[in-house]
Amino acid sequence: MAENQEIEKNEAKEVLNFIEQKVVEDLANGKNGGKVQTRFPPEPNGYLHIGHAKAICMDFGIAKKYNGVCNLRFDDTNPVKEDNEYVEAIKEDIKWLGFEWGNVFYASDYFQQLWDLAVTLIKEGKAYVDEQTPEEIAAQKGTPTVAGTESPYRNRPIEENLRLFQEMTDGKIEDGKMVLRAKIDMASSNMHFRDPIIYRIITTHPHHRTGWKWKVYPMYDFAHGQSDYFEGVTHSLCTLEFVPHRPLYDLFIDWLKEGKDLDDNRPRQYEFNKLNLNYTLMSKRNLLTLVKEHVVEDWDDPRMPTICGFRRRGYSPESIHNFINKIGYTTYDALNEFSLLESAVRDDLNKRATRVAAVLDPIKLVITNYPEGKVEELDAINNPEDVNSATHKVEFSRELWIERDDFMEDAPAKFFRLGPGKEVRLKNAYIIKCSENPAECIVKDANGNIVEVHAEFIPETKTGEANCNMKIKGKTIHWVSCAHAIKAEVRLYDRLWKVENPRDELARIKEEKQCEAIDAMHEILNPDSLKVLTNCYVEKYLANSKPLDYLQFQRIGYFTVDKTSTADHLVFNRTVGLKDSWAKEMKK
RNA sequence: UGUCCUAUGGUGUAAUGGUAGCACACCGGUUUUUGGUACCGUUUGACUAGGUUCGAGUCCUAGUAGGACAACCA
């Protein structure tokens, strides 16, 4: 009893990550009037990946848990790269993960406010129009260890700045000829303070929402923090690389408030570590390259680390949540093992996947003492993990397909499947036995390849009947009836990259060979990331399966139906293999 | 030769100055009509050196190692 209480106590003791602890603390102190508001701020220039899922679980999770609101805000300040296609895809992925946003906002909602502030800053002598080339500006920026130098345009008259910025806004200035810069400190140890560019001219691309209205667009750093402020965000959560941006956001808000009431409830930014997964390349830029260069089929290729890729691969949202919960949030730049994600998806799918029979590499098994033409309908449990599981029917007959791997002519001692003199149980059916004499149980073609296996069944061992629990040395193997099974295509996916840390490796190769990203990628791409099997047989029950159904091909792995699957041509994707201690044993 | 951040088993992560736990991975075993699942068990850890303290993984200092920051990207 005392022990049970102790266990309950331990379970009740919830571990809060450092950001949750801050939120709890703020709530306890009555900060922000007890309000919690977060936001998820993607740029609509690509699809969401599992790294975003970590941020989504944080942003939406905090709001949900502490009775707050999480808004979706598209940081759409660069019309050159952004598109509405991505807006819709991002919404779909967030919904699939199971989260609901409060409002949908866009940084472009604030273009006027931001522009007004820019004009105010010019009037206050805090911003100036620079006419130098990007190269000149970059050269003057200095380096992290060497102070920058001031632009010759830094101290031009306010009236002139005002006039030029207006001309930029009116589309009278060519793209790239001028920018608006904040006047801060060219010698700052924080590079972001070295007179950051806050507005640039873009006249050649329409914005996905504002069309051709604007000719000047705010830079991210001038839009992001203020957008949070405009919306009333209380906890502005982001990844570690934005730590040095935080003081800049704070400064802009000070300027916005004209120095008044600076000790306010402004958004407080907290930074956590982003997700790094081994054997996985995460950056949107690189993922875009894979799509554009047709290395993968599309953003939702099941080998992609995108949310839609994992979805098509057969991952459940819950498995992704569980994985994110397990890796946690810290300020340490970690590299997580992919096997942890795989264990999360196996764990979830074990509870929910429907068990079916599929033979991926078929060899014919003839039950020589089973009557020709006879068919029995047997019961197969959908999920043994579920005590209330339904069942479905499977047909048994004289000729079956079994897995080629499940028969060996000369087997090692620990091989408990079929072979001369060996007996196994056919799942949900009978115990069968091969003759001791290889000539009686093996049929070979002219090249010596085994093309058919013969065995006899023991009638009274039918599952559910008196002797069904008869002890035998062999294991239980799966099968499908030749006359009833459906031919199918099965796609076996494996990791896309050969190396554990493709990000670093890619950088190294590019540096060494001075080549393009795509060329470097080809050196570390796993040539076996996709194997298409076209000669597979699945049980008839699968004729009615639908894309994204969670399935377990018994003894093989978890699978789902691909979106390209049709009644005439079934296509299955392998989500993840079952743990295979036999394969491990064989490697020794 | 800057600023900021980080350092706990192989990997990731707990503890909030008081017995270093957990998960994954690994290895071994039990159960099993999935060589799956479940269950049990073994091995494995505080970057280094000082300091504060009755007591330091935790606080301080220095060193070491790693990361972030120099796009008219976000």
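I count a contact when heavy atoms lie within 4.5 Å. On that basis, of the chain A contacts between residues at least 6 apart in sequence, 72% join residues at least 24 apart.

Ground rules: this is a predicted model, where local features need pLDDT of at least 70, side-chain atom pairs count only at pLDDT 80 or more, and totals for chains, interfaces and linings use all residues. Residues are numbered from 1 along each chain as its sequence is written, chains are lettered from A and ligands numbered from 1 in the order in which they are written, and side-chain values use heavy atoms, with hydrogens and water left out.

I looked up the overall shape next. The C-alpha atoms of chain A fill a box of roughly 100 × 65 × 40 Å along the principal axes. I also checked burial (under 20% relative accessible area, 1.4 Å probe, protein chains only): buried residues make up 50% of the 588 in chain A.

Taking near as a heavy atom within 4 Å, I find 66 residues around RNA strand B, with Gln 21, Arg 355, Arg 417, Thr 463 and Arg 555 the closest.

The side chain of Thr 330 has an N or O atom 2.9 Å from a phosphate oxygen of RNA strand B. Thr 476 puts a polar side-chain atom 2.9 Å from a sugar or linking oxygen of RNA strand B.

Key: A polar contact is a pair of N or O atoms within 3.5 Å; within protein, one must be able to donate a hydrogen and the other to accept it, and residues adjacent in sequence count only if both atoms are side-chain atoms.
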